[in-house]
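Hi,

Here is the structure I said I would pass on.

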Amino acid sequence: MTSANDLFSALAMNPAVILFVGATLGALIPNGYAALRRPLMLVFTAAAGLKLSTLGLGEYGRLAFFGEPALMLRIDRMARLFAVVFLIAAALNIVYGWRLRDRLQDFATLAYPAAALGGVLAGDLVTLFVWWEIAAIASVFLVFGPGARATVLAGMRYLTIQVLSGVLLLAGLVLVFRETGSIAFGEIGLRDGAGAVKLSGLFVLLAFGIKAAFPLLHNWVQDAYPKANFAGTIVLSVFTTKLAVASLARAFPGTPELIGIGVVMTLFPIFFALIENDLKKVLCYSINNQVGFMVIGIGYGTAASINGAVGYAFSNIIFESLLFMAVGAAVYRTGTSKATELGGLYRTMPLTMAFCLVGALSISAFPGFAGFATKGLLIGAAGEAHDLFIWLAMLFASAGVLEHAGIKIPYFTFFAHDSGKRPKEAPPEMLLAMGASAALSIAIGVYPEPLYALTPYPEALADYDPYAPYHVVEQLQLLLWAVLAFAALILVKWYPAEVASTNLDTDWLYRVPGRGILGWAAAATRAVWGLAWRLFSGRFLAAMERVYAVHGPEGALARSWPTGYMALATALVLGVALILAFVA
Amino acid sequence: MTEDNSIEKGRTGGWADRKSFRRGFLALLVIAALAAAAAGFVPAFQNKNPHFAVERYGVFFAIYGFVAFAFIVLAGQHLRKLVGRKEDYYDERE
């Protein structure tokens, strides 16, 4: 039995709880002292990092939920890698939005990373579920942030989908418990020993798949993330999908279905990103594409490919945030993220442009930048397995990454046609956050060993050298010739001009026909109710009058109220019993 | 949010718009791309244990990168015809 003391000490030592307390205390600061919020949030992030470091690897906070052993805090190598990068990202996000003065958004900026951190550190499925739901609820405040009708509608759609993921996880954990008799969060797998799909595995995989934005389940990212403000989008871009990646890596390593899912994830966003005019949405498609690479690595499930997947997640959080920050700075200064309305900003925002280029080079996996350090492990996994078509698809997707994230983002924001806009350079705190992200992106690229040491299976990387001459040459060939293709297409004017448009994606299904069906169902229900009321209201009212006459204050059975009440209750129970007997 | 924005109507050419920069950048790109392709034929830069036969062709990655990029752009833009709608498409429906 868990005592209140055990529970308190388990909570107090949890870095995620420390972050959450920081978020709550920050939210309690009166608006007159709002400038103190972000410094306080930064202090609590540092405190959570310190706690993580002093605890070290191990299992803490063993409790019992209804007699079942629960493990609220498991710091193994996998959890530690994600915890470290989540804390770095949280700190950078706090700095980036330093001048925001919004109680709810400030709260979400720390409570949401706290929930994601709690999720990756969870040792049992119940704890995971609790943090999973807190992440959904805390993050929606970022979507609601700007407060316009469109953002509120998008926020409600986002919350519905996130809660659906939570419900599936809850169903999955109940099924896992029924199968195994344990709520421990370990490898679950999709299939049983005989190769049949397990319902428990399917539910949990779907829950994780929604948050990882699997194909057809992906569009909440493009729908919700760009609706947040310049700082909120960046916070959103980091945590949910990577919590899902961490969860997939723990529960479904070596699940072959994930390879196919991952390949589709890497490919389809390339084409949607190409035609998308809103650069924030382009980056959202980029999230889908990047998570696809990680999902493939998890699908192969070898020590090297798992290292590649989670190591790539670590780097991706840094450089994808950097790209979001650069576009966010342009939005902050110009009020738009549309490619048709941007361009030529390099003249007055040179530092933001330079940082954006570092992000672009990193995500494209140019040698010397973060993406290169681990991407080879993922593509190499397909090589090791001799899956030629998967390998070719991943190379193809790499050229696609270069197109939409490596070239399109910096080109249409800072170069391309001159929009005539001459905004000031980004504010110092944004430059600081972008500068730190850029420095980290280069550091990981140039000296990846500390990242390799953080991976779950560092021994599998003992002989891995990303800078093997052949690997550098192959990568440079792929990327430089792809850039050459871009230059050639621009020169012959075959590169398509950006067009101000809305591109339909899977969200259309629930935003247009789904909404129509719902509207029709509501109208039909109202009509049926109205008809029923017209048909039966006379008889119902007459019956009620009769009951009132007998049981009411003047009624024969009300002279002694217990008798009258008993008579009515008996009549009701007998009626129900009669109906049940008839049905049975 | 846009309080610091100032829009200058007169358009002045920046360093990236100068022809000399564009030519120089293109020349550098072509030289680097050719050098990378040439390196693919140097034994010291070749993969000794390739997983697939195509890796043995010195310029496989260069050709694949060029073709893949061109295909994505040239074929991908037609997707707009299928899914592209007016910018206020959802505003009218929600």
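Let's start with F20(A), which is buried because 26 other C-beta atoms lie within 10 Å (buried takes 20 or more other C-beta atoms within 10 Å, exposed 12 or fewer, partly exposed is in between, and C-beta atoms are placed from the backbone). You'll find F20(A) in helix α2 (residues 15-28) of chain A; helices are DSSP runs of H or I, at least four residues, numbered from the N terminus. Leaving out residues up to four places away in sequence, F20(A) touches A111(A) and A114(A), where contact means backbone-placed C-beta atoms within 7 Å. From F20(A) to L531(A), 511 residues along the chain, the C-alpha atoms are 52 Å apart.

Before going on, the ground rules: this is a predicted model, where local features need pLDDT of at least 70, side-chain atom pairs count only at pLDDT 80 or more, and totals for chains, interfaces and linings use all residues. Residues are numbered from 1 along each chain as its sequence is written, while chains are lettered from A and ligands numbered from 1 in the order written.

Next, G344(A) sits in the loop between α13 and α14 (350-363) of chain A. G344(A) counts as buried because it has 23 C-beta neighbours inside 10 Å. Beyond four places in sequence, its contacts are F415(A), H417(A), D418(A) and S419(A).

Cheers

Definitions and conventions: Helix = DSSP H or I, 4+ residues; strand = E, 2+ residues; numbered from the N terminus. Contact = placed C-beta atoms within 7 Å.
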